[in-house]
Number of protein chains: 2
Amino acid sequence: MIKIQELDSERLDMAANMLKAIAHPMRIAILKHLEGGKKLTVTQIHELLGIEQSTTSHHLGILKDKGVLCSRREGKNTFYYLKHDVLSQVVDCLERCTCGE
Amino acid sequence: MIKIQELDSERLDMAANMLKAIAHPMRIAILKHLEGGKKLTVTQIHELLGIEQSTTSHHLGILKDKGVLCSRREGKNTFYYLKHDVLSQVVDCLERCTCGE
DNA sequence: ATCAAATATTTATATATTTGCATTTGTAAT
DNA sequence: ATTACAAATGCAAATATATAAATATTTGAT
């Protein structure tokens, strides 16, 4: 039998934070656009999703802060991309689970 | 005729809700206890995790409502178990991603 | 029908999240 | 230095979530 004490609670929090970062329709949509190692700028994402620039930046900030995305500045643009490409599989897996209700 | 965009956003919401349900340290801990098709009662979980009965029931209700868990009543007890066992892999995957920061 | 055990719900409070607007910061070109 | 564009930040209102205490419901046993 496994006891809660044996589950690293710091690890649990980290996983929960990562999941919480992903668990938002707009942010899932962002991840789907970044699948396969694609790199997009804030403006590109804000236009693709049709949401405010500041809102887009905020969402990207959350994803970056929780270790889901990385970013690299190139001139005036900041490109965002997946830190671990496996994470897009998480989303795919979830969508498969939401299929046969 | 249903518009594709509506379907997409409905699907996105469903996936987000499922993830949001999972994205909580206590609820991740619950999932880890249910890995491998195990079935546990509310009381067992509330004792394993050391949280209030009503809080436990509330968390289980969220997980069930969002399609993560199923439940079956047997006498006075209600057993909860994973609806899709793959979901515990999501958690494992995430924890692997939180490893090599 | 009454009682006790197991769950679920209600309620209230505290806390966190989402969003858009306005503003600010960073970068490159003129 | 000024302008222009890209991105990030501060703020505030609306909304959502977490928790626990108290209460209610369901079920089985007597």
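Analyst: Happy to! In this predicted model, the contact draws 31 residues from chain B and 32 residues from chain A.

User: What makes a residue count towards that contact?

Analyst: The test is heavy atoms within 4.5 Å; 31 residues of chain B and 32 residues of chain A are in the contact by that test.

User: How do you know that the copies meet through the same surface?

Analyst: Of the interface residues of chain B, 90% are also interface residues in chain A, so the copies use the same surface.

User: And what relates chain B to chain A?

Analyst: Chain B superposes on chain A by a rotation of 179° with 0.1 Å of shift along its axis, at an RMSD of 0.1 Å. That is the relation of a two-fold axis.

User: How much area is buried between the chains, and which atoms give it?

Analyst: About 3200 Å² is buried between chain B and chain A, with carbon and sulfur atoms giving 75% of it. In chain B, the residues that lose the most area to chain A are B:Leu12, B:Leu19 and B:Leu94, together 18% of what that side buries. Helices H1 (4–22), H2 (25–34), H3 (42–49) and H5 (86–97) of chain B each give two or more residues to that side. H1(B) gives the most, with ten residues. By class, the side of chain B that touches chain A has 20 nonpolar, four polar and seven charged residues.

User: How many salt bridges cross the interface of chain B and chain A?

Analyst: The rule finds zero salt bridges there. Over all chains, though, the count is four salt bridges.

User: Why is the pair of A:Asp65 and A:Lys66 called a salt bridge?

Analyst: The closest N and O atoms of A:Asp65 and A:Lys66 are 3.4 Å apart, and the cut-off is within 4 Å, so the pair qualifies. In chain B, B:Lys66 and B:Asp65 form a salt bridge with 3.3 Å between the closest N and O atoms. B:Glu74 and B:Arg72 meet in another, at 2.7 Å from N to O.

User: What about B:Glu74 and B:Arg72?

Analyst: B:Glu74 is partly exposed at 39%, and B:Arg72 is partly exposed at 41%.

Technical notes. Residues numbered from 1 in each chain as written. Chains lettered and ligands numbered in written order. Predicted model: local features only at pLDDT ≥ 70, side-chain atom pairs only at ≥ 80, totals over all residues. Heavy atoms only, no water. Salt bridge = Lys/Arg side-chain N within 4 Å of Asp/Glu carboxyl O. Buried < 20%, exposed > 50% of the residue type's maximum accessible area, 1.4 Å probe, protein only. Least-squares fit on C-alpha atoms with pLDDT ≥ 70 in both. Buried area = accessible area lost by both parts, 1.4 Å probe. Helix = DSSP H or I, 4+ residues; strand = E, 2+ residues; numbered from the N terminus. Nonpolar A, V, L, I, M, F, W, Y, C, P; charged D, E, K, R; others polar.
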